[in-house]
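Student: I would like to learn how to read a structure. Could we go through some features, one at a time?

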Amino acid sequence: MALRRGLSGAALQRNRPSRSRLPLAVVISLSLLAPLIFFVGRGIYTIDHTDVTSSSSKQDVDWRERLALQHIKSLLSKEVIDVITATTDDLGPFSLDYFRKSNLSASWKVVGLGTSVENNASSLEPNQMGPAVKQERPGGKQDKYSGGDHSQFIDSPAKLVRRQLREKRRDKRAADLVRQDDEATVKLENAAIERSKSVDSAVLGKYSIWRKENDNENTDSTVRLMRDQMIMARVYASIAKMKNKLDLQQELLARLKESQRSLGEASADSDLHHSAPEKIKAMGQVLSKAKEQLYDCKLVTGKLRAMLQSADEQVRSLKKQSTFLSQLAAKTIPNGIHCLSMRLTIEYYLLPPEKRRFPRSENLENPNLYHYALFSDNVLATSVVVNSTILNAKEPEKHVFHLVTDKLNFGAMNMWFLLNPPGKATIHVENVDEFKWLNSSYCPVLRQLESAAMKAFYFNQGHPSTLSSGSSNLKYRNPKYLSMLNHLRFYLPEVYPKLDKILFLDDDIVVQKDLTGLWSVNLHGKVNGAVETCGESFHRFDKYLNFSNPHIARNFDPNACGWAYGMNIFDLKEWTRRDITGIYHKWQNMNEDRTLWKLGTLPPGLITFYRLTHPIEKSWHVLGLGYNPSIDKSDIENAAVIHYNGNMKPWLELAMTKYRSYWTKYIKYDHPYLRSCNLSE
């Protein structure tokens, strides 16, 4: 402002030449000396931070003040000094706020506080604190009074306190953010640790073949390590052959053979040979060498993928073979049972005819007793059914067992029950081959079995669905379906014409309770009383019958509920009235080319007794012990009859151990015939 006022005054003097020269001299002096007076009067000090210390700077400022006062007193009169003082009072004190409010040139800069000034700000007097201003002039020239390249300004104590509070708040906020970030990181780490605990580290950690894991106490950890080494040895041997490193390939193959011999059939570390640790060490050294020379991620990945695909093909092939072998095992009779049958047959035909008869034959046609029908060629299985029924019966003397077998086992079946009579119960054994009325002219199944197409289906090895091909239809081509013992269940009124009701039993069941309550079940005019099995989706009609055939689609509901064969109460009077056997013949004739259903007796049974089956309580008959390992134990123990339907029959080696005891407890393994044939639990 002083500069502007000075210039303005000079301009006025030039425009007004008539005035005196004294005011002009005063204005010129003000314009020259005003900046120096302002800097001295308002306490703005220029400090050179690079050349002098703070004490010398203060002495320099004091010297300049004295020098400026001497020059002013020598140059200006008392009147001029009074004018300058009055002008300063009008403008007010020189401060940084004035520059902030004014349009300060871009060549002026306000330099921040120094560290030493901030630390000592509280001890300074208010008149000693002021802003430092540095002006950068064009061309890099600085004011001649600046002591160096830096200048300082000092705020008031209140501003310093506020600045310090702001900085403290910023520091506190930054610390809070860092703490929150650390807490979030810790939470994520803890969550990751918890998740990792749910993963079996023993499995995940064992597939590194380059180091031996010691943190897992799994008993087969060494076995797994050896198997992994063998896998990688095969991979590197293949790559070595590809890259013509034959020496390394031979070394890998040699170590592979040694590991295979050491591993053998071991499935746990305790089964390993004592030389296994040495073989692992030797194999590890060779693999390390192979890794250094041959490792290529792309090649190794490709080899492992090829091995995986090959293993998958082998698994499928083994599953197919397993299916075939299980079906084959289900069709065979163990040597012990065959031995028993042969020994009993010999003993039977050595008996005189008068000793071959069973007592109480008068009960065979008494409709007031409890009659059972059992068709089987397995002596031991039949004995379990009879024994379990009698032991759990309340009145054994009222139970009559009608047994039918083939001519090969007729003598054995008779001899077993002659030697081991079932208490006071009645036993009668018949030979199916002696039923003269059951011939091909009357029975469609017998007629179809004589056809060339049926013989080719069963016996032609070149047939596309023979056993050797592993067809999914294997179980429907079981030889038992060739036997009339399996189809005789559709001719019960012809076999037992004088009976009103009969309970049909399969030979793979065990009776656990008294069954006489079944004769009191009201069938409501139906022919068959059975347990429904439609709780499982595969026991509905559409799983057994071909609904693409118009005859099946027109007459049956695909969602109709299936039921179980194996324990069925039949009303023979209602059977005869409804001509159930005729219905069976009709549909069996229509299925000569096997387009309505596959072979077996359940599909024609579902058709024959469609809407003629009365459902009974499920606790009467529990199924699945021949294929389902997850049946509830309470269901088994509460069942009146348990059924080993499926391939895992209780008399076979492939039977499920957990269910076998329910069957074996009805066999006396100390029997001399059983011991002589090596039959044991």
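Tutor: Begin with a single residue, and keep in mind that this is a predicted model. Aspartate 500 has a relative accessible area of 33%, so this residue counts as partly exposed.

Student: Which residue does aspartate 500 meet in a salt bridge?

Tutor: A salt bridge here is a side-chain nitrogen of Lys or Arg within 4 Å of a carboxyl oxygen of Asp or Glu. The side chain of aspartate 500 meets that of lysine 573, at 3.6 Å from N to O. Aspartate 500 sits in the loop between α19 (492–495) and β6, whereas lysine 573 belongs to helix α21 (residues 572–578), so the pair ties together parts that are 73 residues apart in sequence. Lysine 573 is partly exposed too, its relative accessible area being 47%.

Student: How many salt bridges are there by this rule?

Tutor: The count comes to 15. Another one joins lysine 279 and glutamate 258, whose closest N and O atoms are 3.9 Å apart. Here helix α11 (residues 276–294) holds lysine 279 and helix α10 (residues 246–263) holds glutamate 258, so parts 21 residues apart in sequence are tied together. Both residues are partly exposed: lysine 279 has a relative accessible area of 24%, and glutamate 258 has 21%.

Student: Where do aspartate 176 and arginine 179 lie?

Tutor: Both are in helix α7, three residues apart, which is about one turn of the helix. Arginine 179 is partly exposed, at 41% relative accessible area. A network of salt bridges links Asp176, Arg179 and Glu183.

Student: What forms the positive surface patch?

Tutor: Arg162, Arg166, Arg169 and Arg170 form the patch. One of these, arginine 162, is in helix α7 (residues 157–197). Arginine 162 has 44% relative accessibility and so counts as partly exposed.

Student: Let us turn to strands. How do the side chains alternate in a regular strand?

Tutor: In a regular strand they alternate between the two faces of the sheet. Take strand β9 as the case: Met567, Ile569 and Asp571 point one way, and Asn568 and Phe570 point the other way.

Student: Are the residues of strand β9 buried or exposed?

Tutor: Buried means under 20% relative accessible area. Five of the five residues of β9 (residues 567–571) are buried, so the strand is largely enclosed by the rest of the structure.

Student: Which strands pair with β9?

Tutor: Strand β6 (residues 501–505) is joined to β9 by five bridges, and the two run antiparallel. In that pairing, lysine 501 has aspartate 571 as its bridge partner. Strand β8 (residues 528–530) also pairs with β9 in the antiparallel sense, over two bridges. Asparagine 528 has phenylalanine 570 as its bridge partner in β9.

Student: What is the order of the strands in the open sheet of three?

Tutor: The order is β7-β12-β11, and the pairing is mixed. β7 (509–511) and β11 (621–622) stand at the edges with a single partner strand each, so one side of each is left without a neighbour in the sheet.

Student: How many bridges join β11 to β12?

Tutor: Two bridges join β11 to strand β12 (residues 641–643), and these strands run parallel. Histidine 621 stands opposite valine 641, which is in β12.

Key: Residues numbered from 1 in each chain as written. Predicted model: local features only at pLDDT ≥ 70, side-chain atom pairs only at ≥ 80, totals over all residues. Heavy atoms only, no water. Buried < 20%, exposed > 50% of the residue type's maximum accessible area, 1.4 Å probe, protein only. Helix = DSSP H or I, 4+ residues; strand = E, 2+ residues; numbered from the N terminus. Pairing = 2+ DSSP bridges. Patch = residues over 30% accessible without salt bridge, like charges linked within 9 Å, V, L, I, M, F, W, Y side chains within 5 Å. Areas by Shrake-Rupley, 256 points an atom, 1.4 Å probe, with all protein chains shown as cover. Lys, Arg positive; Asp, Glu negative; His and termini not counted. Charge placed at Lys NZ, Arg CZ, Asp CG, Glu CD.
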